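Student: I am new to this structure. Please show it to me, and then let us go through it.

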Amino acid sequence: MTGTSPLNTINLREGIGLPLVLLHGFPLDVRMWAACAEALPPGVSAIGVDLPGAGHSDLDGAPPGLEHSAERVHDTLRGMGVGNAIVVGLSMGGYVALALADLYPGFVAGLGLVDTKSVADAEDARANRHRIANAVEETQTVDAVLGMPAALLSPTSVTERRHLFPLLESWIRSQSPAGIAWMQRAMAARPDRTPVLEKYDAPVAVVVGEHDALSPRAQAEHMVAAAKKAGADVTLTEVPDAGHMAPVEDPATVAAALTHLHERVRNREHVRSRRR
Ligand code: MLT
């Protein structure tokens with residue numbers, strides 16, 4: 001333990017054995033994982049975490065950095081008695097999951113990388129994040145990110161899953177401007193973590209919405225290729241008719257991929273324990 005303050009967590013599913021730890025995307029919070037956790041089979045436990053500055057988790061004065069987010073996730077779970085876990089992150093949550101695998105490889109028994117990427121930002125994307133961070137601070141509103149649902153959802157979700165657009169908007173409206181600014185600056189500062197995957201040898205599940213415009217399939221394939229270099233047991237699931245919010249748009253398909261990841265990790269742990 002390094003003395004960071006605990007983050008807000010929710011036991012989304014009770015179960016036994018290794019839990020799935022579900023990390024949300026930006027600018028959302030743990031609520032985005034509720035439907036997917038609900039679709040998990042009985043016995044698989046899932047803990048949702050609000051990342052620093054999101055939902056009910058505070059900022060603790062640390063400078064922006066996803067390494068700090070990873071440290072607080074780790075310390076929070078260790079404080080709950082969780083010795084290791086299958087860490088699953090959507091987009092920003094995936095960046096934090098990779099930071100956790102980098103800093104605490106023994107803690108991360110399996111990795112779920114959903115609608116995310118391992119590479120760092122290009123210069124223009126980084127500049128845009130700083131522009132948004134400054135705007136939310138200046139206006140003390142979340143207006144600068146309120147347009148995001150249109151980019152997050154697939155065309156099918158916008159026209160046929162009509163409740164999702166206002167739902168995402170309401171989640172975004174409830175976030176704090178200070179948290180949004182901190183997370184944007186933290187994401188802007190993140191390094192390329194492809195090398196982390198290149199040496200990560202536990203099971204990995206990469207999941208991508210067919211129409212994910214923000215972390216498209218090419219990014220998912222890049223992560224799969226990196227994980228294969230370490231000899232990891234890696235799967236790629238494309239979620240039809242979903243965009244960047246696959247666990248919200250098609251919870252059952254993402255839950256099935258995570259259940260399969262859970263089984264693979266359990267089998268690997270079983271084999272390893274018999275060898276000891
Ligand atoms: C997210 O969904 O977390 C964001 O799209 C991440 C990002 O801005 O890179």
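Tutor: First, a term: contact means heavy atoms within 4.5 Å. This is a predicted model: local features need pLDDT of at least 70, side-chain atom pairs count only at pLDDT 80 or more, and totals for chains, interfaces and linings use all residues. Residues are numbered from 1 along each chain as its sequence is written, and side-chain values use heavy atoms, leaving out hydrogens and water.

Student: Among contacts between residues at least 6 apart in sequence, what share joins residues at least 24 apart?
Tutor: Take the contacts in the chain between residues at least 6 apart in sequence. Those joining residues at least 24 apart make up 80%.

Student: What radius of gyration does the chain have?
Tutor: The radius is taken over C-alpha atoms, and the globule rule is 2.2 Å times the number of residues to the power 0.38. For 276 residues, a compact globule would be near 19 Å. The chain agrees with that, at 17 Å.

Student: What percentage of the residues counts as buried?
Tutor: Buried means under 20% relative accessible area, with a 1.4 Å probe and protein chains only. Of the 276 residues, the buried share is 54%.

Student: Which residues touch the most other members of the largest nonpolar core?
Tutor: Such a core is a set of buried Ala, Val, Leu, Ile, Met, Phe, Trp, Tyr and Cys residues joined through side-chain atoms within 4.5 Å. The largest one has 92 residues. Its largest share, eight residues, comes from helix 3 (residues 92–103); a helix here is a DSSP run of H or I, at least four residues, numbered from the N terminus. The residues touching the most other members are Leu23, Trp33 and Leu111.

Student: Leaving aside neighbours within four places in sequence, which Trp is in contact with Leu23?
Tutor: The partners of Leu23 include Val49, Leu51 and Leu100. The Trp among them is Trp33.

How values were computed. Buried means under 20% relative accessible area, exposed over 50%, partly exposed in between (1.4 Å probe, protein chains only). Helices (H or I, at least four residues) and strands (E, at least two) are DSSP runs, numbered from the N terminus.
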